[in-house]
Every structure is written in structure tokens, then in C-alpha cells.
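Please look through the chain with me, and keep the sequence at hand while you read the points below.

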Amino acid sequence: MDAERTYTELAQRARAALASVDASPGVAKPDPILLAEKVRRNFGGVTAVDVQHLEVQRGSITALIGPNGAGKTTLFNLLTGFDTPDTGEWMFDSKNLKKVVAHKTASLGMVRTFQLTKSLTKLSVIENMKLGATHQIGEKWWNGLLPFRYRKQEAIIERRADELLKRFKLDHMRDQYAGTLSGGQRKLLEMARALMTNPRLVMLDEPMAGVNPALKQSLNEHIRGLRDDGMTVLFVEHDMDMVHDISDWVVVMAEGRIIAEGTPDQISANPAVIEAYLGTHQGKSLLEEENA
Amino acid sequence: MDFIKIIENTISAFFGIDAAYFALAAIGLNIQFGYTGLLNFGQSAFMACGAYGLGMTSQYFGVGMWWGILIGLALVIVLGLLVGIPTLRLRADYLAIVTIATAEIVRLVVRSVRFKEYFGGSDGINSFSTSFRNLSPFDPGAQYGIRPFQYSGYSLWTMIVGWVLVVVFSFLVYMLMKSPWGRVVKAIREDEDAVRSLGKNVYSYKMQSLILGGVVGMFSGMVFALDRGSVQPDNYSRDVTFYVLTALVLGGVAKVSGSVVGPMMFWGLYVFSDNFLRELTKDRPFEVFGVGIIQKSQVGPVNYMLIGLGLMLLMTFRPQGVFGSKEEMALDGR
């Protein structure tokens, strides 16, 4: 599949940079946009996340995989300020985010989506989109009372929102309530809305969960499109085919730790990963196991 | 039975001062509860801020009554911060618990004997509204209007001021909710985390909403105080908050029209059933086949029962209220 795919210059550079990186957990990358160091989070007695070192290459699509309960979503929450780790430092574009609250990360250029889609059901699709734009004049209440102060900016935002809706093929739903969208369309809307913040790093938490196969293909294309537009993508996923298909780099977590890193090919051949995912009896049919 | 009288009273209640001050309180509550999803059960405390701000200025500070608006504003902001800072970070239910307690604390403090010299205890504060009365263009002694809509000059004046405020605030809320600010608070009602992930300071918006709604509630308290010409602590008890909430739900939440017409209908229905029951039991207890159903002294409580029943029916058969959108309602819980 790789052979017939074309990459933009930026993507090529990222892939080339990653090709020369050692496939070992916590390895340093040539140009990291996101960097985490000794990030640790305990829930009661359980260590949910214990990441010694993690770097995400700029301009790449990095997949974060791992079995249920590996701490992927928790790590997302920690990195985006939705949760606070017990120890550790993490930087975005060499800015330390330790003291940065969740709502500030978006204006820095780092945006996330959620595993359970958060489409704002009682707002129309276009309102959902316009909400995503940052630095809106009309979001100050005193300006809200004076339409002439925000009207011009609102028109620009609306135009951008319409373009994105078209790109994500949601333009026919523009004025519907977001609550009337299907599960897959909601995923698209959430992704499009996140793009309204003009991010440099997009963090997608299970973008494919509950999406039908046909829509998965187009979601794939959209995610690849983000990289081609110069964004870095970090996403959590369970669907191995998809991970293999679109990611430049794969990070594997299990029990809160990073157990492996590498290109998709390296990862699918990595025995530690297979064991973490499937247990030690992988590769044998159930019959064989029964007989054994 | 005097049906004409019942109907006349009902119609006057639609446009009465009670409906006006309820509408103001409901408009404020609608900002907080309807649009932002803040379960504020202490609107009466904000109303009390307005009323006492007005009452205390002329009585104790010796400055003009108009300073009362500023003092009321200051009180509302202090109260909003006091309630909001600890609770707005938490889930919605906690705000509900804290606000209901706050409203009671405010009421008990202002009616306490300890602070009688400032707040007037349970007697409240009287005679502070002279400068407002003097502004009235109407002759206080004369009756204006035609039967059944006949008002003394002063009542007419407060009614006009009340309804003008209702119109002004309805318009402002309408503008606000059409603006990007309104979009953010409506989104907060739907899902806080989504809004936070898009870079909005959710906490600050909730605080703004709480205080803006409180400010409208403050004007409600002022109109009420000016109409009665007195401020009494027990006029700002829990029931007021819940009646206002009821009226708002009746009209339809998150709709400007709902927050205005809801209170009008609430008072219309209230007065209608009250008058009807009184007429019914005027001469002798009402009986069906010799079984006593209701007598004169029971009208008050039975009236409340009927209102409660009506509300239950409303919630069952038209949960979105009169003006609410059924389509929007159906999107819940998906």
C-alpha cells in the first residue's frame, strides 16, 4: 500500500527523520514537538501512567496503542492539562506545560478530541464549528452586546468553518443540530472543530471508535491530510490495520509504561507488543490451544 | 358565581407587577440555568441584594436612593464570587446545594435580631422609595385606566418601570445569546470539557453567567421592593426561587419569550384558580353528592396543590414548556 502513496515534502522529511531513529522505548527524535519526561500518575494505589521519556516527531503521524487500561487516555489527559500528574515535566514546542491549565493549551496550538465524542448536541453543526475559533472578540460579554464589534470577525470565522465543513463533507448538515448526526459524522465534526483552533499538534483519542468501515477510510484520509497540511498528529487507536496504514511512528503502552516504539513494520514484528496485546498464546488457533 | 370577576382578575394578573418582577427574576435565572446550565437555586438571594441595596442606602447611608443600584450591584458581585469561587469548579449539583443554602443564610442574616439596626430584622426596611415616587409622572391619588385595568398612579408607575426593564433585559439577553459569548455558554451547558479543550476559560464564563443573571435578579428584587414600598426578609425565601423556576419551566427554558411569558402565565393561572376556588366556596362549602370537597379556609393550600398537579401534567405532556423546542428536547441523553 505504501508504494502507491505519495507524501508531501514535509511528510517525507518526517518519515526520513524517523527512519534513522532507533526503535527503542523512550528514544530521542531529531525534532520533537512534544516531549514528556518522567510523567507519573497514581490513582490510589494504582500507577495509571509512568512514562519515563517520550518524544513526538514534528510533522509525523504518531500512533499510541496498547491494550485496554494501558493508560493511553490518562496520558492524553495529563499532557493536555485535563488531569495533573504526581510528578514529571512535559513540553510543547519547548514550552513547559506544567503550570498551564487545560484551556490555555488550545491557544498554544495543541488541541485534543475525546474518546466519547463531545459534539454539543443542541448547537447546530456550524455553531459547533464557530465555537472552535480562538481569540474571538464577541466572546467577551460586553462585546457580545454590540454586534458591530464582532460581526466582521464572525464572518471570517464562518467562512473558514464552511470551508472545513466542506472538506469533511459535513456541509449538507450545516444547519442541523449536531445531535442529529450519526456517530461517525460526530467524529468528523469533532475533528473539524478542533482544526478551527489552528493547531500545530492534534491529539485524537480513538478517532475510529464506533465508526463504520466506509467512513473509516475517509477518516484515514482526513488524518493523513492533517499531516500534509503541516500538523503533527498523535492519536490513540485499537484498529491495528489503520495504525499500520497511516502512522509514521508507533508508540506502544502497557500498564502505564511505554514498552516499545518504532515504525509500524517494526512494531508488528515486535514480540513484546504481540505479547502485551494478545497474551503468550498468540498465533495459535483455539483448536491448537485446546489440544496443547 | 361571578365569572366576570374571575376573568378580569386573571387578565390583570397577566400584566400585573407580580408577573413583571417574576419575569425579571426568570430572565436572570434563564441566563444561568437555561443557557449556561447552572442550577442556581438561590435567585432569591440576588433579589434580596437588590432590595436591601435600595432599602439600606436611603435608610442608613443617608445618600440618595439611586446609589442603591450601585450598592446592589456590588452586593450581587460579592455574593456571586462568594458562591461561585468554591462551587463552579464542581459538578452542577453542588452549585444547587450551595445556592439554596446561601439564599437561606442571606434571609436569616437580614431577619436576625442581631443585625436589626442594619437590616431592620423581620420588619424589614420601609419608607425608602420617596425619590422614586417623586419621579412618577402620574397623580398618586388618581385612578388610571378603565375597569378592570385600573391602577393608582403609583402602581401604574412601578408597573411601567417594571415592564420597561423586562423589555430592556429581554433584548439584552437576546443579543447576548446570539453573540459568540452566548455560543460559549450554551456549549458549556452541553459539555464543559469540549469547550475547555477548544481553549475557552469555562470557569470564567460560568462566573460571568452567574453574576449577569444575578444582576437581572437584583433588578427584580428592586422592582418588587419599590412596588411594596418596603423590604421584608421573608419575601426572599426559598419559595420565591422555586416559583420563579416553575414559571420559567412553564414558559420554556433557554428561550427569551419563555422567560417572559412563563411568569405571566404562572400568575394568570395562580390568580385564576385562587379566584375560582374562592367563588366556589364563597357561600357554603363545595360538595359533590353530599361529600364535602373544599371549604373557604382551604382555598390557599388547595390552590397550591392544583398548581403542583398542573406542573406535573406539564412535565409529563409538554416537558419543553410552552415556548421550548420539542426538537431540542428530544436531543437530550443521546
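1. The expected span of a helix is 1.5 Å times one less than its number of residues, and helices (H or I, at least four residues) and strands (E, at least two) are DSSP runs numbered from the N terminus. The 16 residues of α8(A) should therefore span 22 Å, and the 23 Å between its end C-alpha atoms agrees with this.

2. This is a predicted model, in which local features need pLDDT of at least 70 and side-chain atom pairs count only at pLDDT 80 or more, while totals for chains, interfaces and linings use all residues. Residues are numbered from 1 along each chain as its sequence is written, and chains are lettered from A and ligands numbered from 1 in the order in which they are written.

3. Six strands of chain A form an open sheet with mixed pairing, in the order β6-β7-β8-β3-β9-β10, where two strands pair if DSSP finds at least two bridges between them. Because β6 (110-112) and β10 (257-262) of chain A stand at the edges with a single partner strand each, one side of each has no neighbour in the sheet.

4. Within this sheet, β7 (residues 201-205) and β8 (residues 232-236) of chain A pair in the parallel sense over five bridges, and A:Val202 stands opposite A:Val233 in β8(A).

5. Which residues of α8(A) are buried? A:Leu219, A:Ile223 and A:Arg227 are buried, whereas the face turned away from the buried side carries the exposed residues A:Ala214 and A:Glu221; buried means 20 or more other C-beta atoms within 10 Å of a residue's own, exposed 12 or fewer, with C-beta atoms placed from the backbone.

6. Just after α8(A), A:Gly230 takes a positive phi of about 95 degrees.
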